[in-house]
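Visitor: Please show me the structure, and then let us go through the names that are used for its parts.

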Amino acid sequence: MTDDDLRRDVAAELYWDPRVGSPAIEVSAAGGMVTLRGTVASLRHKRAGGHAAARVRGVTGVVNELRVQIPDRDRRDDEDLCGDVLEALMLETSVPMTVDAQARDGFVTLTGTVQWHYQREAAESRTAAVPGVAGIGNAIAVAEAPGARAAADAISCAFRRDAMLDADRLSVETFSGGLVILSGTVSSWAAHDHAVAAAWSAAGVTDIDDRIGVEYSR
């Protein structure tokens with residue numbers, strides 16, 4: 001697949017996905033790496049654009065440079081925006097009360113501690129859907145759990161169960177403190193995301209060093 005072919009396929013996928021919400025996104029491609037530029041009306045649209053590009057065959061990475069330009073109707077002052085975000089987080093049952101938020105000029109910083117990575121992701125996803133949010137800094141920490149070093153076997157087993165992954169092409173290293181290093185190769189960026197998500201689901205994981213490469217079969 002040439003860079004031009006990949007660029008056209010990504011542009012078609014962006015147009016196809018109604019969640020992206022913007023026909024004016026510029027796509028460039030070089031050696032499997034795709035860059036998105038342009039303006040969208042919300043952070044939710046920006047994230048949707050990145051996800052849409054990542055699932056296209058031939059993509060090995062996405063640089064999302066889309067700029068969020070909040071419409072006048074959705075603009076909030078810092079206090080109101082922070083209140084809206086905190087209310088949204090309270091309504092999200094998977095986000096514990098230990099998560100806090102601050103807002104400044106449309107940029108929201110999330111802080112606090114959670115037990116699982118999915119809770120950190122849920123907080124960020126719920127915040128991104130709040131009108132007026134132009135960017136998020138996710139500083140939520142995952143609390144260290146006992147037995148983090150034993151996570152390697154659990155992650156390897158999860159890789160073997162996943163129909164999208166070839167576990168023999170992946171390796172896992174774990175360290176005290178909950179750090180996990182993932183390395184090896186997968187057949188698509190979607191498979192890459194599956195591997196990382198599986199690793200985050202292991203008990204005790206607090207941080208992931210992602211060294212997985214994407215190699216498409218010819």
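Guide: In S10, Ile-208 is the bridge partner of Val-180. This is a predicted model, in which local features need pLDDT of at least 70, side-chain atom pairs count only at pLDDT 80 or more, and totals for chains, interfaces and linings use all residues. Residues are numbered from 1 along each chain as its sequence is written, and side-chain values use heavy atoms, with hydrogens and water left out.

Visitor: Why are strand S9 and strand S10 said to pair?

Guide: Two strands pair if DSSP finds at least two bridges between them; S9 (residues 179–186) and S10 (residues 207–214) share 8 bridges in the parallel sense, so they pair. Strands (E, at least two residues) and helices (H or I, at least four) are DSSP runs, numbered from the N terminus.

Visitor: What makes the crossover from S9 to S10 right-handed?

Guide: The term applies if, with the strands pointing away from the viewer, the path from the first strand over the helix to the second runs clockwise; the chain goes from S9 through helix H6 (residues 189–200) to S10, and this β-α-β crossover is right-handed.

Visitor: Which strands are the edge strands of the sheet?

Guide: The open sheet has 3 strands in the order S8-S9-S10, with mixed pairing, and its edge strands are S8 (170–174) and S10, because each pairs on one side only.
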